[in-house]
Every structure is written in structure tokens, then in C-alpha cells.
Amino acid sequence: MASKSVSATAGSRQSSASSTGSIDPFSVAQVYYGPETDFTTHKMSNLIRTRTLSTVQTRSTNNTPDFLKSVPRRRASQDAQSLTPRKFLVDVNLTLQALLESEDTDGNMQITIEDLGPKVLQLGTANSNGFNKFDIRGTYMLSNLLQELTLAKEYGRKSIILDEQRLNENPVSRLSRLIRTQFWDSLTRRIDASLLEVIAVDPKNRSKDQSPRIYVPPTEKEQYEYYVMESSKRPHLNLQVEYLPATVTAEWVKSVNEKAGLLALAMDHVVDEFTGQSTLRGKPFVVPGGRFNELYGWDSYMIALGLLVDGRVDLAKGILENFIFEINNYGKILNANRSYYLSRSQPPFLTDLALKVYEKTIFEPGALELLKESFKAAIVEYKQVWMSSPRLDKESGLSCYHPDGIGIPPETEASHFEHLLMPYAEKHKLSLEDFQRQYNDGIVKEPALDEYFVHDRAVRESGHDTTYRLEKRCANLATIDLNSLLYKYEVDIAHTIRTMFGDQLVLHDGSVETSASWDRRARRRKNLIDHYLWDEEKGMYFDYDIVQKKKSDYESATTFWAMWAGCASPKQAARLVSDALPKFEEFGGLVSGTERSRGVIGLDRPNRQWDYPYGWAPQQILAWVGLIRYGYEEDAERLVYRWLYMITKAFVDYNGIVVEKYDVTRPVDPHRVDAEYGNQGADFKGVAKEGFGWVNASYTFGLTLITSHARRALGACTPPGLFYASQYSYV
């Protein structure tokens with residue numbers, strides 16, 4: 001699976017090296033810095049051109065660095081005006097030390113535009129055995145040098161021959177290449193013996209019991225026995241393996257907060273290549289990154305869009321198969337596969353993911369059967385999760401985010417609820433820790449807190465945690481985002497049953513679904529969305545409060561999800577483009593909500609990460625696709641360019657950084673986020689190896705939506721205003 005893809009990539013590049021006598025300058029790091037490129041072993045002596053025997057000198061080499069003594073010398077004059085790209089002879093440790101001392105003036109192991117060094121470092125060329133020097137200039141090339149030296153050191157290299165092409169590579173090409181060949185692999189997980197020590201780690205677990213733990217569905221006896229066996233082979237892990245109860249309740253989920261664990265996912269039967277015996281292997285998936293080390297719901301859909309563009313169909317298919325497993329065993333696509341998420345789902349995208357995977361695997365054996373199982377699972381999820389209490393509002397007929405749960409969500413950072421809980425702790429004359437324990441155990445009763453956490457859990461289920469749009473009322477809101485997604489489910493299910501399954505789909509319980517019933521559901525939901533969520537005067541959609549019986553007035557970029565789902569009429573789409581789009585378009589793309597809707601912020605009302613001025617990859621992606629769907633290609637391309645420019649410029653200026661979210665109003669340092677969770681993906685030393693899942697995907701996917709001319713402008717870091725002023729007189 002994932003490992004096969006890595007091996008295939010490495011193998012092809014290795015083959016290129018052996019057939020041509022030189023290494024591809026854009027090889028993956030494990031090949032480029034692998035043993036076959038170590039010239040000190042004399043395996044790659046052809047990388048350095050030698051002089052003729054008649055000119056060999058025998059002078060003393062006392063002043064020559066050790067790593068150069070075995071390298072044949074050649075005439076410096078032959079190095080003068082080389083028409084081929086330069087190669088540098090580099091002592092890894094000495095150069096890394098000199099680079100950091102000279103250029104990393106703030107000492108954070110990154111080279112950025114904020115460092116005050118001279119922005120120049122000399123490297124010796126390989127063709128002159130290091131004698132002739134060449135200046136490496138500017139933040140971008142120097143930071144790329146830092147990244148390459150960091151990787152070389154991690155691979156145990158003391159000296160390398162480094163291609164100049166790895167330092168001055170077009171930034172769009174470099175970031176695309178890193179996403180395709182490095183980031184996806186770094187974020188790939190499977191819950192099996194190969195990655196147990198990686199996937200069992202949970203940075204969010206704050207309980208006293210830090211033992212890694214796997215919970216297995218009661219019907220999966222084979223998985224249980226597999227994990228018990230693998231645990232016995234790794235006593236140092238202290239891995240605990242437990243069955244879930246047949247019925248999972250909110251009370252049970254709360255009871256294991258102090259024994260948080262991973263939830264098992266789908267596995268394949270395979271033959272062990274070393275023992276020849278049958279065993280299990282986890283189906284692969286891709287994690288978001290940072291502190292999020294598990295399979296997430298809507299993150300995974302966005303990630304899959306990028307995977308499919310990059311040819312990683314195996315990983316997108318693995319995500320789909322794991323979603324089906326979750327619905328069949330946990331009753332829903334989970335927020336993520338940890339025990340504390342068992343009661344909570346996330347925005348549903350299963351039908352669209354299934355159709356996209358099918359398009360890429362249509363000629364593979366079992367493709368149609370996987371599509372059928374996907375839609376069976378989607379129907380179960382639709383009926384049991386989104387169209388059942390407490391998520392269904394029977395009066396309006398619309399659905400809300402409203403998971404079960406008891407107490408304080410345990411996965412949040414330790415200080416997250418301090419401002420909220422401290423007054424209650426003082427009221428009961430308890431320490432903060434004691435109050436949290438007694439409140440969670442029901443010893444202390446606080447109805448106001450109960451109500452708060454109902455909505456807080458709903459916010460987390462929405463994926464928009466947190467925002468003033470949803471705070472203290474999310475479970476009471478029939479949101480435009482959720483109901484647009486459910487409309488898309490209804491349309492997809494109707495169309496697929498009609499065109500792929502002979503207008504009849506038999507579910508596992510024996511019931512039969514036809515397209516007509518789903519067509520009716522879709523028409524009804526569109527009418528309800530138009531009635532409750534569309535505002536004709538303002539030309540956009542708003543959430544509907546089922547308790548107050550009125551629309552919310554918070555202006556959210558989720559208004560464009562109706563275009564993605566196809567439930568807006570052409571007239572409504574035109575109003576969204578003319579009236580709503582200008583409210584959200586900022587320097588770096590779409591902002592999550594308007595500044596007016598967010599309101600005034602300060603010490604007592606801090607900023608929230610899903611409010612102004614922050615922009616997120618899923619909001620961009622869904623708006624792009626929605627605009628294109630209704631024929632607004634120029635608007636879509638402009639928004640794509642803004643978002644990709646912002647990512648590219650931060651990547652160039654800040655040592656290859658790719659983060660979870662961005663401040664789309666900041667032209668210079670958009671990765672700086674002053675909100676409750678900070679930013680994921682920014683904490684690295686020397687080289688970023690993961691990026692962030694859905695931002696990686698948005699970059700890869702977005703590049704497919706712009707012209708080659710726009711891509712060249714991106715590579716030159718041409719600001720959006722300047723680019724579009726020259727193209728369309730648009731600033």
C-alpha cells in the first residue's frame with residue numbers, strides 16, 4: 001500500500017541514477033541522501049569530473065578537509081562558464097554550523113525574512129573539488145540549503161554533492177514535489193505492527209494513564225487477537241488491547257476518559273513476505289498532522305482530493321474503506337478514531353468521496369462493489385445519524401450538529417476552558433482540577449455548564465471549533481453547511497441508485513432503496529433550505545435557530561457550500577457572487593466570516609480561529625468548486641490564485657512552512673495566528689516534513705484549476721493585485 005508506493009518511487013529514481021550515471025536532482029530524500037550517492041564510498045565517483053592523469057599533482061594536502069582528500073583534483077579553469085547546473089561539494093556539519101551562525105539570527109532553527117544575517121553563504125563547486133566558490137544568496141535559497149543539510153544529516157551523511165537545482169527550484173514546483181513525494185508519506189498511517197509505535201501516540205491525551213490503548217469492536221475477534229499478539233511482541237510499549245461494549249453510551253465514553261485509546265479501523269488479510277503466513281495489515285489513511293495523529297472525518301475528504309490529484313489512489317481508497325468500517329462498527333463517520341470521539345461525527349462527505357474514488361478505480365476489480373458498499377454505508381449514516389434525534393429538528397425538517405456527550409471534552413488543551421470553569425470552581429471552593437473531576441462525575445451540578453457543553457460538543461462536530469458564529473448555540477442551529485451536505489447526499493444517492501444499480505439498492509437489513517424516494521428527499525430539502533436559510537434581501541444563506549425561530553445574522557463563508565452541493569438556483573448563485581463574495585474576499589482568499597459578524601475582540605472576548613481574519617482550506621476548496629459548477633470560472637481562478645499565492649509566499653519567506661490555517665488579511669506573515677489553538681505545522685527545526693493535510697491538498701488541487709500562465713506567476717511570487725491588474729485590470 002503506502003509502503004509499496006514509496007518503494008516504487010524510490011526504485012524508479014534509483015533506476016534513473018544507475019542508467020544515466022547520475023542522480024536525479026529532485027529525487028526523494030532517502031534516495032538523494034542514501035548510500036548510493038555517497039561519493040566517499042567511491043560508488044558515485046562519476047559525479048565529480050576528474051582531470052587527466054598527466055596533470056595529477058602530488059602536493060601536500062595538509063590543509064585539505066578530510067572529506068575531500070579522497071576526491072581527485074581537476075583544473076579550476078575548466079569550471080569557469082559551465083553550461084550545466086552547478087553541483088556543490090559540501091561538508092554537512094561544518095556548512096550547517098556556519099549557515100546557522102551566520103543566518104539564523106533569532107535562533108529558531110529556521111531561516112526566514114525576519115532573520116538579520118547577510119543573506120549570503122559561499123559553497124565550493126564539485127567540479128573544482130571545492131576550490132571555486134559560488135554565492136548562495138537570499139532567504140529562499142539559504143532556507144532550502146538549511147532544509148537539505150538537515151535532511152542529509154538525518155540520513156547520516158557527513159559530506160554530500162548537492163545540486164544547485166535543489167536550492168533554486170521554482171517554489172511552486174518544489175512545494176508540489178514535496179507534497180507529492182514526502183508530505184503524504186510522512187502523514188500516512190496504518191493501525192498494524194508496522195506503525196503501532198507511531199499511531200498509538202496521542203498528544204491530546206492528558207490523563208494520568210498514558211499507556212497506549214486500542215479499543216476493538218466486539219465483532220472483530222480476529223483484530224483483537226492480532227493486537228494482543230503484537231502487544232506481546234512489544235512489551236516496552238505497554239499496549240493495552242480492549243473490546244468495546246456492544247452498546248456504546250455517552251456514560252461509557254465519559255467513563256474511559258482516563259483510559260483514552262485508539263479505535264480500530266479496517267484491515268486486510270495478507271501473506272507475510274518473510275514468514276509466508278497469513279496476517280492482518282491495516283488499511284492506510286492520512287492524518288492531518290501536528291497534534292492530530294488519527295483518521296479525521298472531513299479533513300480526510302479534503303486530503304483525499306489532493307491524494308487523487310497526486311496519483312495516491314491507494315490512500316484515498318483506504319480512507320473510504322476506513323469510513324465504511326467506522327459506520328458499520330461505530331455507527332457513524334467519527335470526528336476521529338479515538339475513544340473520546342465515539343459520540344461525535346463531522347461534516348458528511350462520504351458519497352462524493354466514494355464517487356471520486358470510483359472514477360479513479362473504475363477498471364479495477366471490485367470497484368463497483370466498493371461503490372455499492374459505500375452508498376449502503378452512507379444511507380445508514382444519513383438515516384441513523386443526521387435524520388434521527390437529537391440531530392433532526394422535526395418542526396423545520398432540517399438537521400443540526402448535536403452529538404451526545406457528558407462533561408468536559410477531554411481532548412482540548414489543558415488551559416482551554418480555564419476562563420470558563422474558574423468562576424464555578426471558586427463558587428464551590430474547589431481547585432480547578434477538583435471541580436473538573438466532580439463536575440464530570442456528576443457530583444457537582446451546574447445546568448448552565450451542561451448547556452454550554454452541549455453546544456461546545458456540537459461546535460466540534462461541525463468541524464468549526466471554535467467560532468462566535470456557533471458558540472453557545474450550535475446545537476440549536478440548522479446550518480447551511482450541514483444541510484447543503486445532506487442535500488448532496490440525497491442527490492448523489494438518487495443518481496447513483498438510478499444509473500449504477502438498476503434503480504434498486506438492497507441494504508444489509510434487506511430493505512430496498514430506489515431513486516424516487518431520494519429525489520423526493522432532495523426536492524424537499526431544497527425547499528426547506530430556500531424557506532429557512534435563504535435571505536433574499538442580503539443575497540446569501542444564513543443558519544436558522546430552531547429555538548428562537550429565526551435566522552442567524554452571522555455572515556459565514558459556509559454560504560458558498562450551497563453552490564458546491566448544487567442546491568442554489570442560478571439566480572441565487574448570481575446573488576451569492578455579486579452580493580456575498582465581496583464580503584469574504586481578502587488578500588489571501590476567502591475569510592471564514594466577516595469582521596462585522598465577529599464583532600469586537602479583546603481580553604474578555606478573544607479571537608476564535610474560525611472567525612475573521614482567518615481562512616481555511618476547506619472553505620476555499622468548496623467555494624472554488626461551487627463557483628466553477630455555476631460557470632464563474634474567473635472568480636474561482638482569482639480566489640485560487642490568492643490562496644496559492646499566500647501559501648507559496650509564506651513557503652518561500654519562512655523556511656518551507658505549510659500550516660493548518662492562515663490569516664488571509666496579512667500579505668507578509670499569514671501563518672501567524674493569534675487564536676486559541678495557535679497554528680499546527682509551524683513547530684519544526686530545520687525542515688518541515690509534513691505540511692498540513694488539507695492545506696497540502698488545497699495546494700495540489702488548486703493548481704489544477706489555474707492556467708499555466710498563472711502558475712508561472714505564482715512561481716515568480718507575483719502578488720494577486722499585480723497579476724490580475726495586468727490580466728484583467730482587476731485589483
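**Strands, helices and overall dimensions**

Reader: Which residue is the bridge partner of Arg 213 in strand 7?

Author: The partner is Gln 240. Strands here are DSSP runs of E with at least two residues, helices are runs of H or I with at least four residues, and both are numbered from the N terminus. This is a predicted model, in which local features need pLDDT of at least 70 and side-chain atom pairs count only at pLDDT 80 or more, while totals for chains, interfaces and linings use all residues. Residues are numbered from 1 along each chain as its sequence is written, and side-chain values use heavy atoms, with hydrogens and water left out.

Reader: How many bridges join strand 6 to strand 7?

Author: Strand 6 (residues 213–216) and strand 7 run parallel and are joined by 4 bridges. Two strands count as paired if DSSP finds at least two bridges between them.

Reader: And what is the strand order in that sheet?

Author: The order is 7-6-8, an open sheet of 3 strands with parallel pairing. Strand 7 (240–243) and strand 8 (262–263) are at the edges with a single partner strand each, so one side of each has no neighbour in the sheet.

Reader: Which helix lies across strand 6 and strand 7?

Author: That is helix 7 (residues 221–233), which runs at about 165° to strand 7. Axes are lines fitted to C-alpha atoms, for helices over the stretch in contact (heavy atoms within 4.5 Å), and angles run from 0 to 180 degrees between N-to-C directions.

Reader: Changing topic: is helix 4 buried or exposed?

Author: Of its 17 residues, 14 are buried, so helix 4 is largely enclosed by the rest of the structure. Buried means under 20% relative accessible area, exposed over 50%, and partly exposed in between, with a 1.4 Å probe and protein chains only.

Reader: What follows helix 4?

Author: Gly 156 follows, with a positive phi near 80°.

Reader: How many residues of helix 9 are buried?

Author: In helix 9 (residues 297–309), 12 of the 13 residues are buried, including Trp 298 and Tyr 301. Just after helix 9, Gly 311 has a positive phi of about 75°.

Reader: Where is Pro 35?

Author: Pro 35 is in the loop between helix 2 (29–32) and strand 1 (87–91). Pro 35 is exposed, with a relative accessible area of 60%.

Reader: How many helices and strands are there in the protein?

Author: The protein has 25 helices and 22 strands. Its radius of gyration is 28 Å, close to the 27 Å that the globule rule gives for 731 residues, so the protein is as compact as a globular protein of that length. The radius is taken over C-alpha atoms, and the rule is 2.2 Å times the number of residues to the power 0.38.
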